[in-house]
Amino acid sequence: MESPVLNTDNDFLYAQIAARIEKQIKQNLLKPGDKLPSVRALSQEQGISMSTAYKAYVELENLGLIEARTKSGYYVKYLPARFTSVPETKPPLKKVKQASVAEMIAMVYRNMSEDSVLQLSRSSPPLSLIPLAKLSKSMMESIRNSPSGNITYENPQGNIALRKQVAKNAFNWGGNITGEDVITTQGCLEALIFCLRALTKPGDTIAIESPTYFGIFNVMLSLDLKVLEIPVSPDTGLDLEYLERAMNEVPVKVCLFVTNFSNPIGVCMPDERKQQLVRLLAEKQVPLIEDDIYGEIYFGKSRPRTCKSYDKDGWVILCSSVSKSIAPGYRVGWCIPGRFKEQVLNIKMMHSIASATPTQAAIGHFFETGRYDLHMRHLRKALYTQCLRYTQAIATHFPAGTKISRPQGGYALWVELDKKVNAFELYQLAIEQNISIAPGQIFSVDGRFTNFIRISFGLAFDGVVEESFKVLGRLVRNLAQ
């Protein structure tokens, strides 16, 4: 898949010019240190006004791709040569150390709630990127529009206005559904849990990605499920050939994958691979729970399709939420269970009967008024800019040979360090400096990613973040000696 480029949906001429220059930098046609044409020269070359040329350079400067030097002009700042290699895939280890991994996860969770710690481990939008005023307005308007003031029990399947908006929004990922196909939940994780409970029994084997989001391990443990880890390529996502071979040897009950911007690698599985996965699982009649929580946070020109969009027989269950895009604390999520709708709805009624009425109604209203689309355009651009700036900072301050993923969306950078570096030891040293990162060991049940870390770029890049990378770089160098 092509590296993402600036979103030019607004057709601003300066954005188009900036996107072309960005592409040349990414392809190494313009190299670090190269001088760019002056504003006047760019204006004449492209047949544009000087103000348009200036805005194009400001756009690239904001992305951290170029820099202005006093009385000299604009120069390429980007350093792709420092991280041309992406992190490697690792096969499972023979020995499983579940207890130690669980302890690491518990420690990372505890430190995620400390305000005094710089949270480079949290993959969610910071308060500065949350549309608080517009959300509050949608909450008040939805309450005023409700005869009951949104204080009564909600329909067990979920708020109908929200479900209709989810169905309408499905058009963007290739879906063709109605509000009757949707079940709302308290966040995406609850949707995943309900689906797993509906489709499995204790002792069943579930195929998941490796590396994958560490929160899913506690779910598997609580449901007494066995885990089969499938390697993920930083280029094409899930290793389908490995999956097929494994399924011929192990009775897999359900697959649970993040096909769009998997956490922590950030890779988006190509459409043809998604189709291949759907065909494979349909032939074996194995359900796929598709976690699409990051699908709307794309850096390219269009929203990627989902496996659900290729599902003809209802074997794919899509789960998502607004926790990573609008309001983490609202806990509004949903699933589209296909042929398993009744089983999943029964599980929901057994556990929670209904989801919270006010927050569902507010999010439904937020979608309906068009506020969601406007917000997402801003969020995507901000996160893409931060991704580039964080990558640049790691390339600048970490030792040569550090490998960094190239996410096409989402919130995370997957960083491979020198093999001498123990990521959990680095995590503990960083916490002493009030910096929280996620050690690679917690992204696999056997702790195999010992020299990897995940850094989330949700926080706006500023002097404090820059200084934290200087500190982390020094710590990494010390551990690598």
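## Strand pairing

Two strands count as paired if DSSP finds at least two bridges between them. In this predicted model, β12 and strand β13 (residues 412-416) run antiparallel and are joined by two bridges. Within this pair, K403 stands opposite E416 in β13.

The pair belongs to an open sheet of four strands, ordered β12-β13-β16-β15, with antiparallel pairing. Because β12 (403-404) and β15 (438-439) each have a single partner strand, they stand at the edges, and one side of each has no neighbour in the sheet.

Helix α13 lies across β12, β13 and β16 (452-456). Relative to β13, α13 runs at about 20°.

The largest nonpolar core has 155 residues, and the members that touch the most others are L243, L277 and F469. Helix α13 (residues 371-397) is the element that gives the most to this core, contributing 11 residues. In soluble globular proteins, nonpolar side chains tend to be buried together.

Setting aside residues up to four places away in sequence, L277 touches L238, L240, L243, F257, T259, M269, L288 and C307. One of these, L243, is itself among the core members with the most contacts to other members.

## L475 in helix α15

Helix α15 (residues 463-480) contains L475. Its relative accessibility is 14%, so L475 counts as buried, the cut-off being under 20%. Apart from neighbours within four places in sequence, L475 is in contact with L426, L429 and A430.

L475 and K26 are separated by 449 residues in sequence, and their C-alpha atoms are 29 Å apart in space.

Note on methods:
Residues are numbered from 1 along each chain as its sequence is written. This is a predicted model: local features need pLDDT of at least 70, side-chain atom pairs count only at pLDDT 80 or more; totals for chains, interfaces and linings use all residues. Side-chain values use heavy atoms; hydrogens and water are left out. A nonpolar core is a set of buried Ala, Val, Leu, Ile, Met, Phe, Trp, Tyr and Cys residues joined through side-chain atoms within 4.5 Å. Buried means under 20% relative accessible area, exposed over 50%, partly exposed in between (1.4 Å probe, protein chains only). Contact means heavy atoms within 4.5 Å. Axes are lines fitted to C-alpha atoms, for helices over the stretch in contact, and angles run from 0 to 180 degrees between N-to-C directions.
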